[in-house]
Structures are given as C-alpha cells and as structure tokens.
Amino acid sequence: MNEAQTRLNKIDPKLRDAGWGIVPGSKILVEQSAFAPGRITTTGHKNPKKADYILEYKGQKLAVIEAKSDEKDVAEGVGQAKLYADALKIRYTYSTNGDDIWFIDMGVKSGKGEYIIPSKEHDIDHFPTPQH
C-alpha cells in the first residue's frame, strides 16, 4: 500500500496503542515543522521538507518519525529521519514502514562535537509511551 495508507492503517494505530494522542499532554504532530525552505521547483514553488510525525509530550518535542510505504524497507527512511532530527535538534528518531520500526538515538555531543552519550540504533517492536 502507499505511504498514506500505511500511515493510516499501520503506523497511526501503533502510535495510539503506545498512548500518543491519548495520554494527557501527548500530541502527534503530523506533517508539521517545515524546518527547511526546500528547493525551488520548475514551477517556481518551494517544496518545504516536513517531518511525517513529531511526538510531543508536555510541550516538549521528543521524537521524529519518518514513515515509508509498507512496500519499502525500513532502512529507506533512516537518512531522512536523522536529517530531520538533527535539523530540529531532537535526540530520538524512528524510521518505520508500519511493519518494522528502526530506533535511532542521535546521542549527545559536547560543545567540541565529541559524543558525551554515543549514538545508537536498533530495531524495536513498538513505539515508546509518552512517559518513556
């Protein structure tokens, strides 16, 4: 199925199952935060980049999720997930195709650019709850 259908049928229910948008203070921001002006197309319009999902809890943006069609490998969204998390200064990000979820902790760097907390990546079975 296409990405929109994958989001509706597979990703959205997994986020709700984890309590996102249900637990008081939690929000799922969808296709928001145009954080880059994007490129100018042949028609002269800008094509801003938007994160598919941003998970927010008690006013703090905690994670970015890059969604792909369930016909694609989960790895296809990893580069975008990292790019968006870095641009938005959000430590945690995920790439998912609705079937698989790849978790990325971007780590924490010192002012000198050295990792204080190293980055790490691995697959997970479900999204974390807003409180965790």
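Visitor: Which residue of β4 does A67 stand opposite?
Guide: The model under discussion is predicted. In it, β3 pairs with strand β4 (residues 92-96) in the parallel sense, over 5 bridges. The residue of β4 that stands opposite A67 is T96.

Visitor: What is the handedness of the unit that β3, α2 and β4 make?
Guide: The two strands, β3 and β4, pair in the parallel sense. Together with α2 they make a β-α-β unit, and its handedness is right-handed.

Visitor: Over what arc around the axis of α2 do the buried residues lie?
Guide: Helix α2 comprises residues 78-88, and V78, A81, Y84 and A85 are buried in it. They are placed on the same side of α2 because the arc they cover around the axis is only 135 degrees.

Visitor: Which residue with a positive phi follows α2?
Guide: The helix spans residues 78-88. After α2 comes a residue whose phi is positive, near 60 degrees, and that residue is K89.

Visitor: Which residues have the most contacts inside the largest nonpolar core?
Guide: The largest nonpolar core has 15 residues. Two or more of its residues come from each of α1 (3-17), β2 (46-57), β3 (60-67) and β5 (101-105). Apart from it lies another core, of 7 residues, which includes L29, I54, V64 and Y84. Within the largest core, the residues with the most contacts are L15, I65, Y94 and F127.

Visitor: Which residues does L15 touch, not counting those up to four places away in sequence?
Guide: L15 is among the residues with the most contacts inside the largest nonpolar core. In soluble globular proteins, nonpolar side chains tend to be buried together. With residues up to four places away in sequence not counted, L15 touches W20, I28, Y53, L55, I65 and F127.

Visitor: Is E56 buried or exposed?
Guide: E56 has its place in strand β2. Beyond its neighbours within four places in sequence, E56 is in contact with W20, G25, S26, K27, L29, K61 and L62. The cut-off for a buried residue is under 20% relative accessible area. Because its relative accessibility is 10%, E56 counts as buried.

Visitor: With which residue does D70 form a salt bridge?
Guide: A search of the whole structure finds 9 salt bridges. In the one formed by D70, the closest N and O atoms are 2.8 Å apart, and the partner is K10. This pair links distant parts of the chain, 60 residues apart: D70 lies in the loop between β3 and α2, and the partner in helix α1 is K10.

Visitor: Does D70 count as buried or exposed?
Guide: A residue counts as buried under 20% relative accessible area. The relative accessibility of D70 is 19%, so D70 counts as buried.

Visitor: What is the relative accessible area of R91, the salt-bridge partner of D105?
Guide: D105 and R91 form a salt bridge in which the closest N and O atoms are 2.8 Å apart. The pair links distant parts of the chain, 14 residues apart, with D105 in strand β5 and R91 in the loop between α2 and β4. D105 counts as buried because its relative accessibility is 3%. R91 is partly exposed, and its relative accessible area is 26%.

Key. Residues numbered from 1 in each chain as written. Predicted model: local features only at pLDDT ≥ 70, side-chain atom pairs only at ≥ 80, totals over all residues. Heavy atoms only, no water. Core = buried A, V, L, I, M, F, W, Y, C linked by side-chain atoms within 4.5 Å. Buried < 20%, exposed > 50% of the residue type's maximum accessible area, 1.4 Å probe, protein only. Helix = DSSP H or I, 4+ residues; strand = E, 2+ residues; numbered from the N terminus. Contact = heavy atoms within 4.5 Å. Arc of directions from axis to C-beta. Pairing = 2+ DSSP bridges. Right-handed = clockwise from strand over helix to strand, strands pointing away. Salt bridge = Lys/Arg side-chain N within 4 Å of Asp/Glu carboxyl O.
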